[in-house]
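Visitor: I am new to this structure. Could you take me through it step by step?
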Amino acid sequence: MIMSFYKRLRELREDNDLKQREIAEILCCSQRVYSNYERGDLDIPTEVLIKLARYYGTSVDFILNLTNDKRPYISNEEAPEKPVEFVKKTPGRRL
C-alpha cells in the first residue's frame, strides 16, 4: 500500500522530535491548522510545502510521496554555471 503524504509529513516531524505546536510556529500557523494538514483535512498551500521541504532539507516531491529520495533539489544558486546541453530532435530520429 502506498503511504499517503500526510503520513510522511507526520513522520518527518516526529523524526525531527518536533511537536505539532513547534512546527506550526515555524510555519506561522496555529497547531490546529497544522494538525489539519497532517490529517489531510486541509490542503497544504504550495508555499507551506516549500517551507517544509527547506526546513527538513528535502524536496517537495519527497513530502508528497512522489519519490523516496530524501535529497533536496539543487537550487538555482547552487546549479553549475555550465549550460545544459539539449539534444536537437531531427525528423525521423527517436529519442
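Guide: Let us begin with a term: buried means under 20% relative accessible area, exposed means over 50%, and partly exposed lies in between, with a 1.4 Å probe and protein chains only. By that rule Tyr37 is buried, with a relative accessible area of 6%.

Visitor: What kind of model is this?
Guide: This is a predicted model, in which local features need pLDDT of at least 70 and side-chain atom pairs count only at pLDDT 80 or more, while totals for chains, interfaces and linings use all residues. Residues are numbered from 1 along each chain as its sequence is written, and side-chain values use heavy atoms, with hydrogens and water left out.

Visitor: How many helices and strands does the protein have?
Guide: The protein has five helices and zero strands. Helices (H or I, at least four residues) and strands (E, at least two) are DSSP runs, numbered from the N terminus.

Visitor: And what share of the residues is buried?
Guide: Of the 95 residues in the protein, 26% are buried.

Visitor: At what angle do H2 and H3 pack?
Guide: Helix H2 (residues 20–27) and helix H3 (residues 31–39) pack at about 105°, and their axes are 8 Å apart. Axes are lines fitted to C-alpha atoms, for helices over the stretch in contact, and angles run from 0 to 180 degrees between N-to-C directions. H2 is therefore roughly perpendicular to H3, since angles of 65 to 115 degrees count as such, those under 35 as roughly parallel, those over 145 as roughly antiparallel and the rest as oblique.

Visitor: Which residues make that contact?
Guide: On H2 they are Gln20, Arg21, Ile23, Ala24 and Leu27, and on H3 they are Gln31, Tyr34, Ser35 and Glu38. Contact means heavy atoms within 4.5 Å.

Visitor: Changing topic, how many aromatic pairs are there?
Guide: Rings of Phe, Tyr and Trp (its six-membered ring) pair if their centres lie within 6.5 Å; planes under 30 degrees apart count as stacked, over 60 as edge-to-face and the rest as tilted. The count by this rule is three aromatic pairs. In one of them, the ring centres of Phe5 and Tyr6 are 4.2 Å apart with planes at 35°, so the pair is tilted.

Visitor: Is Phe5 buried or partly exposed?
Guide: Phe5 is partly exposed, with a relative accessible area of 21%, and Tyr6 is partly exposed, with 21%.

Visitor: What about Tyr34 and Tyr37?
Guide: Their ring centres are 6.3 Å apart and the planes of Tyr34 and Tyr37 stand at 80°, so the pair is edge-to-face. Both residues lie in helix H3, three residues apart, about one turn of the helix. Tyr34 counts as buried, at 0% relative accessibility.
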